[in-house]
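Let's take a walk through a protein model together.

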Amino acid sequence: MTSAAPRPAAAVISVAMPEESQPFLDALPRLDGADPVPLLGSAEAWSLALPSDPAASPAAPAASRELVLVRSGIGLVAAASALTAALTQVRPQVVVSAGTTGGLGPQVEVGDVCVSTALAFADADATAFGYLHGQTPGQPEIFHGAPSLLARLGRVGEPALQSATPSSGQAHIRVGQMLAGNSFVTESNVAKVREIFPSAISTDMESTALAQVAASASLPFLSVRGVSDLCGPQAGRDFHMGAQEAAARSAAVILALLG
């Protein structure tokens with residue numbers, strides 16, 4: 001890894017799977033001349049060019065519109081280690097968790113996009129020592145979504161989602177607490193998760209770990225994920241969507257937020 005000071009960037013976007021990285025690779029060109037961002041193990045990173053900001057000063061450096069896309073692999077440790085390695089090399093204005101998620105909230109439907117106001121660990125339990133469910137000892141009770149991005153979401157989120165793909169016209173943005181953990185939440189264990197986190201809208205396997213790393217680096221963070229399945233759906237409801245479609249909806253909302 002380089003020992004030079006991290007270079008400025010507009011954003012680091014972290015995904016777990018190839019299906020989640022592809023919408024960004026399809027939408028944005030590679031940034032010419034950008035130094036590589038080597039990561040640990042099988043994780044990969046790409047430097048992509050965001051469109052120029054018409055409100056920016058002409059003297060603003062081109063690097064300020066660099067989006068570093070990180071594909072970490074699945075899981076809390078993979079996500080945290082890849083983001084940490086990336087942050088030794090770039091200093092973004094914001095970190096975003098992208099891709100797919102499982103819907104938890106009763107109002108959440110397959111194809112919606114969930115956005116984090118708060119994040120906790122689904123399977124962290126140190127309550128015997130006085131901590132809250134979802135809280136790791138020594139860490140905050142929850143990690144917060146970036147207020148500036150949440151404010152912008154109210155202006156650009158729904159239009160971006162509903163025009164994202166040919167089938168996304170009826171989808172909605174769902175804003176609330178999101179979870180992440182080491183286990184898939186399925187019909188067999190979802191009741192316990194809903195009992196402990198009654199207001200949670202979704203769960204995945206990376207977002208809260210990414211939020212913790214971003215908080216440690218004093219960087220704004222947001223998770224924006226398309227709902228590809230429901231954790232224990234009620235009878236008569238759609239319960240699955242292809243990862244590619246859900247990820248495309250996530251990416252469209254994120255690119256609108258960064259635009």
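We'll start with the whole protein and then zoom in on a few of its parts.

First, some ground rules: this is a predicted model, where local features need pLDDT of at least 70 and side-chain atom pairs count only at pLDDT 80 or more, while totals for chains, interfaces and linings use all residues. Residues are numbered from 1 along each chain as its sequence is written, and side-chain values use heavy atoms, with hydrogens and water left out.

So what does the protein look like overall? The C-alpha trace spans about 55 × 45 × 35 Å along its principal axes. A compact globule with 259 residues would have a radius of gyration near 18 Å, and the protein has 18 Å, which agrees. That radius is taken over C-alpha atoms, and the globule rule is 2.2 Å times the number of residues to the power 0.38.

How much of the protein is tucked away? Of the 259 residues, 53% count as buried, where buried means under 20% relative accessible area, exposed means over 50%, and partly exposed is in between (1.4 Å probe, protein chains only). Now think about contacts, meaning heavy atoms within 4.5 Å. Among contacts between residues at least 6 apart in sequence, 78% join residues at least 24 apart.

Now find strand E4 (66–71). All of it is hidden: 6 of the 6 residues of E4 are buried, so E4 is largely enclosed by the rest of the structure. In a regular strand the side chains alternate between the two faces of the sheet. Both faces of E4 are covered, with Glu66, Val68 and Val70 buried on one side and Leu67, Leu69 and Arg71 buried on the other.

Which strands pair with E4? Two strands pair if DSSP finds at least two bridges between them. E2 pairs with E4 in the parallel sense over 5 bridges, and Val12 has Val68 as its bridge partner in E4. E3 pairs with E4 in the antiparallel sense over 6 bridges; here Ala45 has Val70 as its partner in E4.

Helix H1 (residues 18–27) has Glu20, Ser21, Pro23, Phe24 and Leu25 buried. What do these residues pack against? Their neighbours include E2, E3 and E4, along with helix H6 (243–258).

Follow the chain on from E4 and you reach Ser72, in the loop between E4 and helix H2 (76–87). Ser72 is buried, with a relative accessible area of 7%. Leaving aside residues up to four places away in sequence, Ser72 touches Ser14, Val15, Ala16, Ala43, Ala78, Ala79 and Ala82.

Next comes strand E9 (residues 173–180), where 6 of the 8 residues are buried, so E9 is largely enclosed by the rest of the structure. E9 runs parallel to E7, joined by 8 bridges, and parallel to strand E10 (residues 200–204), joined by 4 bridges. Look at Ala180 in E9: Ala180 is the bridge partner of Phe121, and Asp204 in E10 is the bridge partner of Ala180.

Last stop: Gly134, in the loop between strand E7 (113–121) and strand E8 (143–144). Is Gly134 buried or exposed? Gly134 is buried, with a relative accessible area of 3%. Not counting residues up to four places away in sequence, Gly134 touches Ala120, Phe121, Ala124, Glu141 and Phe197.

Technical notes
Helices (H or I, at least four residues) and strands (E, at least two) are DSSP runs, numbered from the N terminus.
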